[in-house]
Amino acid sequence: MASQPPAETTQGPSYKETFTRGLLKENPSLRQMLGLCPTLAVTTAVFNGLGMGLATTFVLVCSGVVVSLLRKVIPSSVRIPAFITIIASFVTLTMMLVEAYLPALDAALGIYLPLIVVNCIVLGRAEMFASKNTPGKAAIDGLGMGIGFTISLVLMSAIRELLGAGTLMGFQIMPPFIEPMLIMVTPAGGFAVLGVLIAASVWLEKDEKRNVSRNIPGPSESLCNACPLSCGIGDPTYEDCAKVQWYERLEKSLSEANMMPKGGNERRDS
Amino acid sequence: MMAQYASILFSMILVNNFVLVKFLGICPFLGVSKKFDSAVGMGAAVTLVMVLAIAVTWPIQQLLVAWNLEYLQTIAFILVIATLVQLLEMAIKRFIPPLYDSLGVFLPLITTNCAVLGVAILTIDEGYSYPEALVAGLGAGLGFLLAMVLFSGVRRRLEEAEPPEVFRGTPITLIAAAITAMSFMGFSGVIDHLFGA
């Protein structure tokens, strides 16, 4: 039972900074590009976006606290499966609560509710923050990230609902002579609105120190940041961030594949 | 009978395309679609894992229902899929090294891909029979592959374009994805006409 000595961050961020950085500076969906699937999928109406955000926040806070409490008990070699199990338990709990008390939300979110378990924000925070910090800080961090995620979901769903259906939370807002733009509630509208929102958030910070302009903005500390496969961090075989090793392996395999006459994918039966 | 399977297959590929209509697997879609080779590799790996995941999770769901443990679905599925991907990676590495070179790199990174868990849950929710579920998994994977390949072509054009500065990188990629998604909207209704479903 060689539990990995957890790197306690003594000079880590203060409680206030831990909370506020998730709101805009490290906003999960607009800055770190994490959890884009629910951001795009459920934001056709404010009610759905708000519900999804709050459900994710609940899972983030609870799983953060439990992961933090168990950080000295879980051996590092099986930490990812352990984290996934903890997260899946809270997702199941959330599903039961939503099903019991908010059946309308349950029907609207559909399969995206159980899919919180593969939302990279949750696993990312467990791996990058909760497993290295005290339960109190993990809870504050989860709350900040969750609220930041909720804000961007609500913002996005407000734009899509207002333009696509002319309503907000179901109430008619737009004057009746303005035709609703149905494209906004279709998948295409989702991609377009998110693209414009991210561009806007880049523009808002343009005057501030912004050293990454072409690539995905975000903190270098984030595991998923600029990772080609942000959703795939759950890899138990790697000790460290899978990102670096993934790049190396991808480069290697691609360069090897290019040596071959027809590319790598037609060499199945050799 | 065949028409029913064909209807499921093509509706999963075109009408209910996992990436462009259902928004599942967005991260690999945006991340790995820069190069054609990696787009094809990722798409093929996801297709393989989706079919295998359904082959395993569908019987497990029957067990869960028989034991009145449906509420464990999420936990059971994600752990089974994670284990499956791990085993698959080891097996391919051991027995088919050339395939491992082309697909292996992608395998560990799709463990927590929402598309794989999504298709497993979706086929249960739709109440598909075992062969229908497998066909749906194949369709979902092929749809993902199609979207990846198409989008890698779009991305190549984007590389040379010069959008306004704030739109560089992810935003313009999302706008391009919006236009690609719009083209897939044209497929809705096609399946009904073809198969009368």
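## A glycine in chain A

G49(A) sits in helix α3 of chain A, which covers residues 46-69. Helices here are DSSP runs (H or I, at least four residues), strands are runs of E (at least two), and both are numbered from the N terminus. The model is predicted, and local features need pLDDT of at least 70, side-chain atom pairs count only at pLDDT 80 or more, while totals for chains, interfaces and linings use all residues. Residues are numbered from 1 along each chain as its sequence is written, and chains are lettered from A and ligands numbered from 1 in the order in which they are written.

Is G49(A) buried or exposed? G49(A) counts as buried because it has 25 C-beta neighbours inside 10 Å; the cut-offs are 20 or more other C-beta atoms within 10 Å for buried, 12 or fewer for exposed, and partly exposed in between, with C-beta atoms placed from the backbone. Beyond its neighbours within four places in sequence, G49(A) is in contact with V42(A), T43(A), L153(A), V154(A), M156(A) and S157(A), where contact means C-beta atoms, placed from the backbone, within 7 Å. The C-alpha atoms of G49(A) and L153(A) are 5.2 Å apart, although 104 residues separate the two in sequence.

## Chain B as a whole

Let's turn to the other chain. Chain B has nine helices and zero strands. Its radius of gyration is 18 Å, close to the 16 Å that the globule rule gives for 197 residues, so chain B is as compact as a globular protein of that length. That radius is taken over C-alpha atoms, and the rule is 2.2 Å times the number of residues to the power 0.38.

Buried residues make up 54% of the 197 residues in chain B. Among its contacts between residues at least 6 apart in sequence, 76% join residues at least 24 apart.

## The nonpolar core

The largest nonpolar core has 121 residues, and I87(A), I78(B), V116(B) and L117(B) touch the most other members. Helix α3 of chain B (residues 36-66) gives the most to this core, with 13 residues. Such a core is a set of buried Ala, Val, Leu, Ile, Met, Phe, Trp, Tyr and Cys residues joined through C-beta atoms within 7 Å.

Leaving aside neighbours within four places in sequence, V116(B) is in contact with residues including V46(B), V49(B) and M50(B).

Definitions and conventions: Two residues are in contact if their C-beta atoms, placed from the backbone, lie within 7 Å.
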